[in-house]
Amino acid sequence: MVHLSVTPEVSLADSPVKICASGLAPAQLVTLHASLTDERGVKYTARAFYQANQNGEVDVAEASALGGNYTGVWSMGLFYTLKAEKMFHRLLKRDVTGSPFYVQISLFNSTVIVPLPTHEPLATSTVERWYTAPGVERIPIKSGWVRGALFLPPGSGPFPGLIDLFGGAGGLIEFRAGLLASKGFAVLALAYFAYDDLPQTLEVVDLEYFEEACKLLLKNPKVRGPGLGIIGLSKEAEIALAMSTFLKEVVASVCINGPTILSTPLHFHDVSIPGASYPSEKILINEMGLATIFDCVGHPLDEKYEVSTIPVEKAQGHILFVVGEADQSFNSRAFAEAALA
């Protein structure tokens, strides 16, 4: 009898899952198919093709995928290659405390690229992928200027404090904060434009707003001082780097795929740094209609950008640059190397 095991059935979204099929014929060709539907009704799918071993088993942690959304041995490949059936949608958990993503794993005989009603799975299993662990508390924040959501682990603490800045589209994105709180951090997911009563567009980076957010977080009795950490992605990595440079409260930063040159003017008390202007005529639009600004941004050590460069040499804390070289927004490797030079 064919059996499909996907364990654990309930886990955090960044935790590994073990997928094993048994009861197959030796060398049988099968398809493992993953699917989920997000909170907006958009379906995401992935598939990989495997050949059972001589015992009629497929262990995804050991077997090599022959094709599909990936090849080779990748134990979490079915989860990390999930793609929307509609163009230009990104898998993003919005309600991070109230519900999980339900991921259905199906096992089909032979090669099945798109399952049809006539394709009867040999076995199926559904797992829950949560973005907060049991006991994590979410507290909406609307204090002074500051807007966001505070995630606290269970217990009295005190816990190391983090401010989470995510993406350059504005609003409030909370899923990473929920996962970090599940690891024992007190995390403030911080909005700074296009949310609640904040400005709808980002015309200037007012670092005093972020200073107030730091002080607010450190005043919480469950947060361990005297310093805190920042994690930022893309535009927010730029802001995280500025916070590391100018705010004494920040003792560690993680900057993911971000520049060291300000693209938006920055003000902080008596400090003003102009934003750099980039040649928009170098924007490239691909065959899918997607634009890349990769070639608009010159080398970070170019003298014309000096006035807009964050003086990272003044930073007192630790900084980790995370570089994804497939990024089509910034040459983040060049920026990281320039900062370390």
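Visitor: How many salt bridges does the count come to in this predicted model, and what makes a pair of side chains a salt bridge?

Guide: The count comes to 13 salt bridges in this predicted model. A pair qualifies when a side-chain nitrogen of Lys or Arg is within 4 Å of a carboxyl oxygen of Asp or Glu. Side chains of opposite charge can pair when their charged atoms come close.

Visitor: What makes Arg-138 and Glu-174 a salt bridge?

Guide: The N to O distance between the side chains of Arg-138 and Glu-174 is 2.7 Å, which is within 4 Å, so the pair is a salt bridge. This pair links distant parts of the chain: Arg-138 is in strand β11, Glu-174 is in the loop between β13 and α2 (175-181), and 36 residues separate them.

Visitor: Why is Glu-174 called buried and Arg-138 partly exposed?

Guide: Buried means under 20% relative accessible area, and Glu-174 has 9%, so Glu-174 counts as buried. Arg-138 has 31%, which falls between 20% and 50%, so Arg-138 is partly exposed.

Visitor: How do you know that Asp-196 and Arg-147 are joined by a salt bridge, and which parts of the chain does the pair tie together?

Guide: The closest N and O atoms of Asp-196 and Arg-147 are 3.3 Å apart, and this value is within 4 Å, so the pair meets the rule. Asp-196 lies in the loop between β14 (186-191) and β15 (205-206), whereas Arg-147 is in strand β12, so the pair ties together parts that are 49 residues apart in sequence. The relative accessibility of Asp-196 is 46%, so Asp-196 counts as partly exposed. Arg-147, with a relative accessible area of 8%, is buried.

Visitor: Which domains does the assignment give, and what lies between them in terms of contacts and area?

Guide: The domain assignment gives domain 1 (3-130) and domain 2 (137-340). Their centres, taken over C-alpha atoms, are separated by 34 Å. In domain 1, 11 residues are in contact with 11 residues of domain 2. The area buried between the two domains is about 860 Å², with 76% given by carbon and sulfur atoms. The count between the domains is one salt bridge.

Visitor: What makes Asp-14 and Lys-183 a salt bridge?

Guide: The closest N and O atoms of Asp-14 and Lys-183 are 2.9 Å apart. That value is within 4 Å, so the pair is a salt bridge.

Visitor: How do you know that the largest nonpolar core lies between domain 1 and domain 2?

Guide: The largest nonpolar core has 93 residues, of which Tyr-50, Ile-163, Leu-207, Phe-210 and Met-243 touch the most other members. Helix α4 gives the most to this core, with seven residues. Domain 1 (3-130) and domain 2 (137-340) both give residues, so the core lies between them. A second, separate core of six residues includes Ile-261, Ala-276, Val-297 and Phe-330.

Visitor: Why is α4 described as mostly covered, and how does its reach compare with the expected span?

Guide: Of the 12 residues of α4, 12 are buried; each of these has under 20% relative accessible area, so α4 is mostly covered. Among them are Ile-239 and Met-243, both of which Phe-210 touches. From first C-alpha to last, α4 reaches 17 Å, close to the 16 Å expected at 1.5 Å a residue.

Visitor: Is Pro-134 buried or exposed, and is Ser-35 buried or exposed?

Guide: Pro-134 has 78% relative accessibility, which is over 50%, so Pro-134 counts as exposed. Pro-134 lies in the loop between β10 (123-130) and β11 (137-143). Ser-35 has 11%, under 20%, so Ser-35 counts as buried. Ser-35 is found in strand β4 (residues 29-37), and its contacts beyond four places in sequence include Lys-43, Leu-82 and Tyr-102.

Conventions: Residues are numbered from 1 along each chain as its sequence is written. This is a predicted model: local features need pLDDT of at least 70, side-chain atom pairs count only at pLDDT 80 or more; totals for chains, interfaces and linings use all residues. Side-chain values use heavy atoms; hydrogens and water are left out. Helices (H or I, at least four residues) and strands (E, at least two) are DSSP runs, numbered from the N terminus. The expected span of a helix is 1.5 Å times one less than its number of residues. Buried means under 20% relative accessible area, exposed over 50%, partly exposed in between (1.4 Å probe, protein chains only). A nonpolar core is a set of buried Ala, Val, Leu, Ile, Met, Phe, Trp, Tyr and Cys residues joined through side-chain atoms within 4.5 Å. Domain bounds come from an automatic or database domain assignment. Contact means heavy atoms within 4.5 Å. Buried area is the accessible area (1.4 Å probe) that two parts lose on being put together, summed over both.
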